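Here is a short briefing to read with the model open beside you.

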Amino acid sequence: MHHLFGLVLAQKDLSRAGDLFSLEDAEIEGSLSEALEQIRIISSAADYQTNDNDQAVVEICITRITTAIRETASIERHGRALVALWESCLEHNLRPSGKDEDAPHAKIASDIMSCILQNYNRPPVMALAVPVAVKFLQRGNKELCRNMSSYLSLAAIAKAELLAEHTETILRSVLQGNSMLLRVLPALYEQRPQPIRARLRDLVAPMAQLDPPEQLHLLRLLHTMARNRELGVNHTWDVSLPLLLSGLCFTGLALKECLPFLCGHLRDPNHSEVILNVLLEISSYEPAALAPFLPTLREIGESFPSLIGQTAKIFGAVGHLDEERARTSLLYLVNQLASMEHSFHHILLLEIKSLTDTFSSILGAQSRDIYRMSNSFSAIAKLLLRHLDADGAAAAARSKSLALHALRMKGLSSEGGQNGDIPAGISFSEIYLSQEHKEMPFGVHPEAAHVGNSLASPQSVDCPQAELRLEKAMEGRGEAATDPEECQDKLYLHLKENLGKVKEFVLEMGRRIPIPEQCVIEDTVQSCVAKLSFSCPLKGHYCLYSKSSFTLLSQQPPLWIHIMFLFQQSLFAEPLSTQSSSVQALKALWEKTQLKGMHSFETAMIQSTFPQQKDLENVQVQLEEVRFFDLFGYSEEAAAWQCFMCNNPEKATGVNQDGQPLMEGKLKEKQVRWKFIKRWKTRYFTLAGNQLLFRKGKSKDDPDECPIELSKVQSVRVVGKKRRDRSLPRAFEIFTDSRSYVFKAKDEKNAEEWLQCLNVAVAQARERQSREATTYL
């Protein structure tokens, strides 16, 4: 032992103890194990707990020793002596003696714990430390127990098998209130599942009293249990069949008991997604257990539309039990098909197709025709409901549309919604499908009424529907006023006087502002918004929006309704009348906006023939802000707004080649969430295929993240707003369903290039999903 260490410890000389810090670490490293043994002898003396001098000497020496061990990286050499001193603390009282005063041996244990367990990624050290560490969990010192739990959580990540032998001790600590160790249980379950299964009910019971992070750890445990049920079937080959089946049934029973608990917490937005993942795992092997909870799942899908993917899969799994449940599940899935965002369509269609394939009698021989007949998801949903609805067989020249079915399901009147809220709009393609056996209206050639290419114009509709879809009609043919009463129609007479001006205005406006294909009015807390969908009419081979849509939310529904009305009139050679179906559709949308003091639809269209120029400029600004013009451009040749790929077919080959980067270069990524902290990390990014990847640097601080999956990107936005007198900011933000990323390019031009390519790539990824779903079907 070094002579100074020997002097201080032998004589317990507090006045010389401070001199130990003047020595070089390498100079004393060889004496550390011997010094630790000497400290163990001193601290075990009968009078140590009352001897302030000895306690001070030991405290200074331990600090010097642990510092030297860290600086010389010699923990493995001195680990045995360090653990021996640590374990000796268990022989003494560790409870605090006063309000804020730790017991002397608790101080020793705390200092050594920090030195040892910071090496959680060194298995030889942890093999020595873990058996001793778990003993401290039951010794009554809350602060020591809390710190020990944090370190054991790290140890479980690095080497869970070292903790597995002590599962019972850890469970006992958790059940006594040490909720920090909940994070360890998922890893321990992989190693020692039986003790955790046996105490699952006790573990779950106090969830309401836990903090949200602790609740999440408990849910992760249930997810691990649900997932491992299936893994056990596939991999446990060395166990006898009766024992295997017994173990699996025990797991299933434990999870069944937890189902009411799980469904009771589904409405918690912090945990709904995790709980649904647990239920989804269970549905893969025991769907019958979830059948009683489908009404709850239906409510969750309505409250949290982003979770429709998981709920749809669970409904699909339960539907495979028998034909009756299949019909019930199909009604739910089909209703969602016409009301959900396009990003969920492929999931819904796959579940619907799987059920109708399993129970072929539901659709019969017409199954393939239904899936192939249209690119319109609402049209597919309508035809599916026609076959699912028991009343539909008795009333086939009068098949109800999807929206009418939704009204009936809610107990509303199908004759105009007299007993409830009016729906949000009308779908012209659905009107056509619902009246396909009726006589075509006067002035419209049958070839002009094809669902995908034209505006079908029935003379009347049953009631306002769920959406408005605008589609072209043959130029020069329209819904002419043929009834004498229509000749006195004020709107008809006004349009007749201004028909030429309307066509001229729309011709000019159409080059600056696109016309939405679909419009849905949605209520919000303060008012209502227009949900507008745009697609590409050309639908080329590499089209970005042949089976999906670009969506825009606008706070100015009346303005867009006015624009759509003018566009509708521009398609026809004759003036529209108040009784024409397209005007009735737009009128229903107008009334849905429910603005106080607002004129009626007819009065507003007559008093102000055209929107104000300032309003149209604001529309353009909003389209710029959501990067619409990155993805669409007006084609003079086609006289239509087409997607980037259809307007630039020469770029399709390079962009769609496998492995061919669409964009690559250096970007700065913001490393912290808060705007007032400016900390950026420069990395090399590559945009290719369905991913935005980055090259991981040499720094240990680089996060080990997965690439950004473009199909999961919800939007790409500029950080800050564009001003007319200034260029765009260099920073932009990518939003996914789970987090957001902020990036900065080297200059404004480079940022524009990244934004253009990112928007195109995201649109391609979504379109690819829709194509794959349709191809599969």
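Is the crossing of helix 18 and helix 19 left-handed or right-handed? It is left-handed, meaning that the near helix is turned anticlockwise from the far one by less than a right angle. This is a predicted model, in which local features need pLDDT of at least 70 and side-chain atom pairs count only at pLDDT 80 or more, while totals for chains, interfaces and linings use all residues. Residues are numbered from 1 along each chain as its sequence is written, and side-chain values use heavy atoms, with hydrogens and water left out.

**Helix 18 and helix 19**
- The axes of helix 18 (residues 294–303) and helix 19 (residues 308–319) come within 10 Å and cross at roughly 155°.
- That angle makes the two helices roughly antiparallel (over 145 degrees).
- Leu-294, Leu-297, Arg-298 and Gly-301 in helix 18 meet Thr-311, Ile-314, Phe-315 and Val-318 in helix 19, where contact means heavy atoms within 4.5 Å.
- By class, this contact has five nonpolar, two polar and one charged residues, with Gly counted among the polar ones.

**Helix 1 and helix 5**
- Helix 1 (residues 3–11) and helix 5 (residues 52–72) have axes that come within 10 Å and cross at roughly 155°.
- Helix 1 and helix 5 are therefore roughly antiparallel, and their crossing is left-handed.
- From helix 1, Phe-5, Val-8 and Leu-9 meet Val-57, Cys-61, Arg-64 and Ile-65 of helix 5.
- The residues of this contact divide into six nonpolar, no polar and one charged.

- Lys-12, in the loop between helix 1 and helix 2 (14–17), has a positive phi near 50°.
- Ala-73 has a positive phi of about 50° and lies in the loop between helix 5 and helix 6 (75–88).
- Ala-73 counts as exposed at 51% relative accessibility (over 50%).

Conventions
Axes are lines fitted to C-alpha atoms, for helices over the stretch in contact, and angles run from 0 to 180 degrees between N-to-C directions. Helices (H or I, at least four residues) and strands (E, at least two) are DSSP runs, numbered from the N terminus. Angles under 35 degrees count as roughly parallel, over 145 as roughly antiparallel, 65 to 115 as roughly perpendicular and the rest as oblique. Buried means under 20% relative accessible area, exposed over 50%, partly exposed in between (1.4 Å probe, protein chains only).
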